[in-house]
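Visitor: I am new to this structure. Please show me how to read it, one feature at a time.

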Amino acid sequence: MHYLPTRIIYGENAVRKGFVYLNRFGKKALLVTGKTSARQSGALDDILNVLNQLKIEAVSFDSVTENPTLETVMEGTDLFLANNCDFLIGIGGGSPIDSAKAISLTAANQLGKNEIYDLAKFKQNYPVVAVPTTAGTGTEATQFSVLTDAATQKKAGFGHDLAFPALSLVDPKYTLSLPANITLHTAIDSLSHLLEGIYSNQRNPLLYPLIFKGVQLIYSNLYKALHNPLLLMARDALMCASLYGGITISHTSTTLQHSIGYPLTSVYGVPHGLANGIVMQPIMELYYPAVKADLDDLFSYLRISRADFFLWLDGLQMSAGVSIPPEFIDAKIPEILASRNMANNPFEVTADAIRSILEQLS
Ligand SMILES: [Fe+2]
């Protein structure tokens, strides 16, 4: 089974190449961004130029922050409806694009804040255009939107076929201005998505060429991008791997590897990719017996051993400065066990297994 209803334009000048398709969505767009990265990356200017040529009016909604809240989604929904917009363009990392997806659905189905996760009420959408400026979430190729409920401090997502972007314009040059910490954390997020394509009980051999190639691209290029941020070739590799990761989880969904990090992000503000990175080795060790043949195939493709991979991970020094208080562990295990990603583990993961992974971080 393979399903991906998003038109993806990848590579140099992707926004300009999207010209003909952008014209199909209407005459007024809500631009969903944060305060800086859309502008800094050059993506916003490129989009505004194209919209100008097409005589498409742009309404700016630039209040999206990291880990966007349900309130932000409702604010964007009100602005979309008040301006009679026809479609949305999410520009930035995962947060603006995920917000654009949620706004599309709440606006089209006239949903209130408490209905954002009510998938049965999703009957129609407004088209979403995704322009990523980080290489990590892969949200440009998924049906997922990850939001945070500020009232409960819970980070949770929804997935629905109507949330796939209609068009994704993916140009690696927008990542050239990313600082090293964001480059690292987002690349590790992609790496998690690719590995979860192997861990997931929905794993799908059609995806293995993308998964293997994606992991190789990150393994061979992450250090290059960290040491030489303007090296377009390395940025291109990470962007491509991120897209492969998105395509992968759109089919397999994510697993404990993601669930375990959500409370670290919503309670302690650990960036999403870093939260994945600090548990990457113990999660792989936990899953290894269940997916041994496939992981062995991956490492023989990479021509390295698992031990070499763990050394490479160690070299990224992700655990430095992260310390989880023991009382947090017991308090959050029920939330982790209840998250929807847990349905995709290769076997039933127990509370004890989660505790022993988190204890390594305390
Ligand atoms: Fe992720």
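Guide: Start with a helix pair. This is a predicted model. Helix α16 (residues 326–338) and helix α17 (residues 351–359) have axes that come within 10 Å and cross at roughly 130°.

Visitor: How are two packed helices described?

Guide: By the angle between their axes and the distance between the axes. The crossing of α16 and α17 is right-handed.

Visitor: Which residues make the contact between α16 and α17?

Guide: From α16, look for Ile 329, Ile 333, Ile 336 and Leu 337. From α17, take Ala 351, Ile 354, Arg 355, Leu 358 and Glu 359. Sorted by class, the contact of α16 with α17 has 7 nonpolar, no polar and 2 charged residues.

Visitor: Let me try another pair. Where do α5 and α6 lie in the chain, and at what angle do they cross?

Guide: Helix α5 covers residues 70–82, and helix α6 covers residues 94–109. Their axes cross at roughly 60° and come within 9 Å. That angle makes α5 oblique to α6. Here too, look at the hand: the crossing of α5 and α6 is right-handed.

Visitor: What residues of α5 and α6 make the contact?

Guide: On the α5 side are Thr 72, Val 73, Gly 76, Thr 77, Phe 80 and Leu 81. On the α6 side are Ser 99, Ala 102, Ile 103, Thr 106 and Ala 107. The contact of α5 with α6 counts 6 nonpolar, 5 polar and no charged residues.

Visitor: One more pair, please. At what angle do α8 and α14 cross?

Guide: At roughly 50°, with axes that come within 10 Å. Helix α8 runs over residues 208–227, and helix α14 over residues 292–302. The two are therefore oblique to each other. The crossing of α8 and α14 is right-handed. Phe 212, Val 215, Gln 216 and Tyr 219 of α8 meet Leu 298, Tyr 301 and Leu 302 of α14. By class, the contact of α8 with α14 has 6 nonpolar, 1 polar and no charged residues.

Visitor: Now step back. How many helices and strands are there in the protein chain?

Guide: The protein chain has 17 helices and 8 strands.

Visitor: Which domains does the domain assignment give?

Guide: It gives domain 1 (7–174) and domain 2 (178–359). The C-alpha centres of domain 1 and domain 2 are 25 Å apart. In the contact, 19 residues come from domain 1 and 24 residues from domain 2. The side of domain 1 that touches domain 2 has 5 nonpolar, 10 polar and 4 charged residues.

Visitor: What radius of gyration does the protein chain have, and what would a compact globule have?

Guide: The protein chain has 19 Å. With 362 residues, a compact globule would have a radius of gyration near 21 Å, so the two agree. The C-alpha atoms fill a box of roughly 55 × 45 × 40 Å, taken along the principal axes.

Notes: Residues are numbered from 1 along each chain as its sequence is written. This is a predicted model: local features need pLDDT of at least 70, side-chain atom pairs count only at pLDDT 80 or more; totals for chains, interfaces and linings use all residues. Axes are lines fitted to C-alpha atoms, for helices over the stretch in contact, and angles run from 0 to 180 degrees between N-to-C directions. Helices (H or I, at least four residues) and strands (E, at least two) are DSSP runs, numbered from the N terminus. Angles under 35 degrees count as roughly parallel, over 145 as roughly antiparallel, 65 to 115 as roughly perpendicular and the rest as oblique. A crossing is left-handed if the near helix is turned anticlockwise from the far one by less than a right angle, and right-handed if clockwise. Two residues are in contact if their C-beta atoms, placed from the backbone, lie within 7 Å. Ala, Val, Leu, Ile, Met, Phe, Trp, Tyr, Cys and Pro count as nonpolar, Asp, Glu, Lys and Arg as charged, and the others, Gly among them, as polar. Domain bounds come from an automatic or database domain assignment. The radius of gyration is taken over C-alpha atoms; the globule rule is 2.2 Å times the number of residues to the power 0.38.
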